Structure formats: C-alpha cells, structure tokens
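Here is a short briefing for a reader meeting this structure for the first time. Keep the sequence and the 3D view open while reading.

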Amino acid sequence: MRDQSFRGHVQNLEQQGELVRVDTETDPHENVSAIGWKTYDQFGKSTLFTNLKGYPGWQLASQVVTDRRKWAIGLGVSEEDVIPTVVDRIKSPRQPVSIDAKDAPVKEVILTGEDADLTKLPAMWTSEEDPGPYIASGMAVIKDPETGTRNMSYHRQQILGPDRSGFLICPRHALRTYQKYQERKESMPVAMVVGVHPAILYAGGFTTRYGIDELSLAGGLLEDPVRLVKCETSDLEVPADAEMVIEGEILPDAMTEEGPFGEVTGGYAEEGSTEIFVVKAITHRKNPIFYGMHSGAPMTDPQSITGTCVEAALYEHLSKVEGGLDLLDIRCLGVSGLMAVVVKLRPRIAGQAKTALLAALSSPYLHPKLAIAIDEDMDASDLKQVFWSLTTRVHAEQDVTKIDNTRIWSLDNASDIVPGMSPMYRIGTKVAIDATKPWSSRIEDKTRFDRAMPTNYDSVDIEDFLP
Ligand SMILES: Cc1cc2nc3c(=O)[nH]c(=O)nc-3n(C[C@H](O)[C@H](O)[C@H](O)COP(=O)(O)O)c2cc1C
C-alpha cells in the first residue's frame with residue numbers, strides 16, 4: 001500500500017527541493033503566517049517550522065499543495081498529468097478499509113477531558129484583522145443521521161476556548177446533514193481531521209452529489225483504500241495515518257460571533273455568526289506535524305485546493321459539451337481569488353468557444369464569474385499570454401457576453417447580497433470573453449502570437465553579447 005501520510009508528503013517535498021526548514025524559534029501567533037506566506041511568494045517553497053515557541057513537541061508545515069508541482073509530487077505524476085489523472089481516478093472510487101486502533105498512528109497519543117485542549121495546539125493567527133488563531137485545515141467527517149452516508153469537508157474553526165470553537169458551515173452538504181440533526185434536536189458528531197495525504201486533502205475540497213463519500217474518492221486518487229480507524233467518542237471513522245483528529249460535536253441550537261477572517265479572495269469574510277463545536281477528545285501522532293493553513297492574499301493552499309478541484313470538475317464538465325470539445329487546459333486563477341477561469345481549447349466551429357464558456361460559468365462550482373477562452377497556441381498558465389489574447393483577439397461587441405442575475409459565489413463582495421438573506425447568498429453578473437482567434441481570420445492566421453518577433457530571433461544568442 002502507498003504511504004497515506006501528511007509527513008510522507010512533507011518528506012517528499014523536502015527531498016525534491018520544494019520545502020524550506022525553519023529551525024529558528026518562531027511563534028504561530030506572531031510570525032509563522034508571514035514567514036510561510038513570504039517563503040512561498042518569494043521562493044515558491046513550502047515551509048516546515050521545527051521550533052515553535054510555546055508548543056514543544058510540535059512542528060508545523062504550510063503551503064504544501066500550493067501549485068501543480070506540489071500536487072504532482074503528492075499524486076506521483078507529472079505536472080501536466082495532474083488534472084487528467086484526478087479526473088480519471090475519481091471515476092473509480094475505492095471503499096476505505098477499517099483497521100485496529102493499535103495499528104493507527106493517529107492513536108499514538110489520546111487526550112480526553114481537560115487534556116483535550118484547543119489552546120495547546122499551534123494554530124496560526126493567519127491574517128492581520130482575524131480576531132485570533134484559527135484552525136483552518138480541519139476537514140469534518142460527519143454522517144447523515146438517516147442514511148449513514150459519510151461526508152467530508154473543510155470547516156474553519158476560530159478557537160474560542162480550550163474546549164470550543166466556532167465552526168463555519170456554508171450552504172452545502174454539511175449544512176444539509178447538520179439541519180437533519182437540528183430537526184431531531186440532536187448534536188451532530190464531528191471528527192476534524194488535520195494533516196493528511198494530498199489525495200485526502202483534495203477530496204475534502206471536492207464537490208459532487210450529496211451522499212458520495214469523499215473518503216472513497218480519496219481512495220480512488222490514492223489507488224488504494226484509505227485506512228480508517230474508529231473515533232474514541234463516536235462511531236465515526238477517520239484516516240488512521242492523519243497527524244491529528246479533534247473529536248467533538250456541533251450543538252443543535254447555539255451560535256457564536258465569528259470573524260472577520262482573511263479569505264481566498266484576498267479580502268475578508270465579514271464578521272458573522274457560526275455554529276459551535278464542542279471538543280470531546282484529541283488524538284494525534286507522536287511528534288505531530290500541525291498543518292498550518294494560510295488563507296487570505298493569494299497564493300495559499302486554500303486557493304490551490306479549491307482551484308484544482310474547480311479545474312478537474314470543469315475539465316470533466318466541459319469535455320461533455322457538444323458531445324466533446326477539443327479541450328487543452330483549464331486554469332482557475334488563484335490570483336483572481338478563484339473567480340476567473342481560463343479555458344484553452346481548439347474550437348472546431350464558430351461559436352464553440354462561447355458555448356464552452358457558458359458551461360464553465362454554470363458548473364459544480366459557483367466560484368468563477370469570469371471565464372476566458374484562449375486558443376491552442378497560448379499558454380493558459382501565463383497571464384502575459386492570456387492578456388495578449390484579451391486585447392489582440394477580442395472584439396468586445398462580438399466576444400464579450402454578460403449574463404445578469406445569476407447566482408454568485410458567497411465571497412464575491414462586489415456582487416449584491418440577495419435581499420433579506422445572509423452574505424452567503426449573492427446575485428450578480430457573469431462574464432464570458434472569447435479570446436480565441438477571430439473565426440474570420442483563422443485561415444490567414446493574422447493573429448499568431450509570434451507573428452512579429454524580433455529580426456533573426458532564432459539565430460541571435462544573447463549570451464554572445466551580454467557580459
Ligand atoms: C482550506 C479550505 C477551507 C475551507 N473552509 C470552509 C469553511 O470554513 N466552511 C465551509 O462551509 N466550507 C469551507 N470550504 C469549502 C468546502 O470544504 C468545500 O466546498 C467542500 O467541497 C464542500 O463539501 P461538500 O461538497 O461535501 O459540501 C473550505 C475549503 C478549503 C479548501
């Protein structure tokens with residue numbers, strides 16, 4: 001069986017020169033967020049903090065799946081193959097297997113009662129205007145009380161005290177399940193999983209139909225069943241190789257103030273109210289590595305996890321449009337706060353790029369409000385080429401399409417909140433821009449990217465001239 005651990009991935013990143021170790025003393029409330037963010041921004045590297053002030057025995061790793069290179073290392077494929085591999089493997093889910101607690105690394109340390117204390121975890125104070133430290137890397141494993149089907153999704157937790165945290169539930173599957181517990185006036189048992197293999201990190205951000213078990217999807221991605229172990233305080237099962245699991249429940253009838261929180265748009269999710277999570281036990285590995293999840297200004301893991309999920313979902317969705325498009329690449333731009341996608345394709349007929357864009361704006365994910373189509377000679381990961389296409393190949397009257405009064409992603413503060421609803425529900429305008437070569441000029445190919453390159457571009461070697 002392949003390794004299913006977070007620490008295995010951290011080790012692989014280090015071996016492949018993708019990770020920087022920080023052995024100097026650092027403080028999760030003071031400087032870990034800035035050091036990790038700048039290290040990725042300036043050098044494109046993950047960080048492992050080995051000397052955390054006030055948290056002996058703990059290490060913290062961050063920015064571990066921030067780009068395609070790191071996903072490629074995690075999934076054991078080439079960078080170009082990341083999206084096609086995900087799309088392919090997710091079609092063959094594998095049921096998890098249960099193992100004994102004695103074989104489960106996550107049970108090496110079991111803390112209950114007063115020892116199960118959230119304030120003893122090296123949670124980061126992530127963005128400047130956050131009210132305090134958050135655990136944003138936790139994935140909630142829950143079960144539908146009627147059908148018993150499992151769900152796994154990320155939920156940020158603002159630490160409110162030793163045994164409680166806020167717990168943000170956006171209107172998706174977890175909310176639907178929680179509302180069933182509420183109708184029964186029961187607390188919802190929850191196990192928060194922190195620090196797992198990238199395949200499981202990916203599955204936690206993936207959206208599909210209600211009732212599909214994300215841990216089976218993770219098994220598909222791993223090409224091995226995920227090893228699960230039963231919780232101490234409920235019958236939920238969690239990944240046995242996780243760094244840490246926080247067991248607890250969400251109260252059916254209590255809310256707390258929460259936020260503001262620096263979000264993937266680069267701005268803040270406004271202060272609001274969320275459900276309350278009460279801790280019952282914490283289990284973790286010996287010498288645990290905390291997964292420090294940055295958020296806020298791009299680029300951070302949340303943009304990359306959700307962005308990569310959007311890319312795979314769109315790849316699959318668009319591949320069926322018109323019986324199959326010649327789709328070459330899809331990028332959900334982290335720098336746009338996940339609200340723009342670039343679709344690279346080879347249109348076979350006039351109008352086809354626009355059809356693809358309409359599908360990209362109406363998919364399993366609400367995030368994109370701007371979709372741009374580029375042609376086969378452009379590189380979708382190069383914003384220079386995308387912008388070049390946007391000017392030289394676009395006749396705005398013909399190529400820019402606005403679709404008003406559609407649902408918009410909850411974090412797009414530029415769009416209107418539906419009257420009488422919370423900011424989770426927004427309505428606005430989506431925009432499609434066809435920046436593929438104008439159909440009329442395709443044969444002449446007047447808009448080749450490299451049409452006006454410098455004289456003797458191929459034969460001049462600048463090394464002959466520079467000092
Ligand atoms: C790092 C990260 C943090 C997230 N935080 C939250 C959160 O606090 N609350 C929430 O409802 N969704 C959050 N999400 C989004 C959900 O995890 C994601 O949409 C998931 O696919 C929803 O699962 P579902 O399809 O089972 O509903 C987060 C996603 C990521 C990648």
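The points below go from the overall layout to single residues.

The model is predicted. Its protein chain is split into domain 1 (81–283) and domain 2 (319–441). The largest nonpolar core has 119 residues.

**Domains**

- The centres of domain 1 and domain 2 are 31 Å apart, taken over C-alpha atoms.
- Twelve residues of domain 1 are in contact with eleven residues of domain 2. On the domain 1 side, five of the touching residues are nonpolar, five are polar and two are charged.

- The buried residues are P198, A199, I200, L201, Y202, A203, G204 and G205.
- In the largest nonpolar core, the residues with the most contacts are V193, A203, L221, V238, V341 and V343.
- Helix α8 supplies the largest share of this core, with seven residues. Domain 1 and domain 2 each give the core at least three residues.
- L221 touches A199, Y202 and A203, and also L75, V86, R89 and I90. That list leaves out residues up to four places away in sequence.

**Sheet β4-β12-β13**

- Three strands form an open sheet with mixed pairing, in the order β4-β12-β13.
- Which strands lie at the edges of this sheet? The edge strands are β4 (97–98) and β13 (237–239), and each pairs on one side only.
- β4 and β12 (residues 227–230) pair in the parallel sense over two bridges. V97 stands opposite R227 in β12.

- β1 (residues 19–22) pairs with β2 in the parallel sense over four bridges. L19 stands opposite S46 in β2.
- In β2 (residues 46–49), S46 and L48 point one way, while T47 and F49 point the other way. Are these four residues buried or exposed? All are buried.
- T50 sits in the loop between β2 and β3 (59–62). With 15 C-beta neighbours inside 10 Å, T50 counts as partly exposed.
- T50 and R21 are 29 residues apart along the chain, yet their C-alpha atoms are separated by 7.2 Å.
- T50 touches R21, V22, D23 and Q59, leaving aside residues up to four places away in sequence.

**Strands β6, β9 and β10**

- β6 (residues 134–135) and β9 (residues 157–161) pair in the antiparallel sense over two bridges. Y134 has Q158 in β9 as its bridge partner.
- β9 also pairs with β10 (residues 164–167), in the antiparallel sense and over two bridges. There, I159 has S165 in β10 as its bridge partner.
- How many residues lie between β9 and β10 in their hairpin? There are two residues between them.

**Cis peptide bonds**

- The peptide bond from G259 to P260 is cis, with omega near 0°. P260 lies in the loop between β14 (244–258) and β15 (261–262).
- Another cis peptide bond joins P298 and M299, with omega about 10°. M299 is in the loop between β18 (289–292) and α8.

**Positive phi outside glycine**

- K185 is not a glycine, but its phi is positive, about 60°. This residue lies in the loop between α5 and β11 (188–194).
- Is K185 buried or exposed? K185 is exposed, with 8 other C-beta atoms within 10 Å.
- E322 also has a positive phi, near 55°, and is a residue other than glycine. Its place is the loop between α8 and β19 (327–332).
- E322 counts as partly exposed, with 13 C-beta neighbours inside 10 Å.

Conventions
Residues are numbered from 1 along each chain as its sequence is written. This is a predicted model: local features need pLDDT of at least 70, side-chain atom pairs count only at pLDDT 80 or more; totals for chains, interfaces and linings use all residues. Domain bounds come from an automatic or database domain assignment. Two residues are in contact if their C-beta atoms, placed from the backbone, lie within 7 Å. Ala, Val, Leu, Ile, Met, Phe, Trp, Tyr, Cys and Pro count as nonpolar, Asp, Glu, Lys and Arg as charged, and the others, Gly among them, as polar. A residue is buried if 20 or more other C-beta atoms lie within 10 Å of its own, exposed if 12 or fewer, and partly exposed in between; C-beta atoms are placed from the backbone. A nonpolar core is a set of buried Ala, Val, Leu, Ile, Met, Phe, Trp, Tyr and Cys residues joined through C-beta atoms within 7 Å. Two strands pair if DSSP finds at least two bridges between them.
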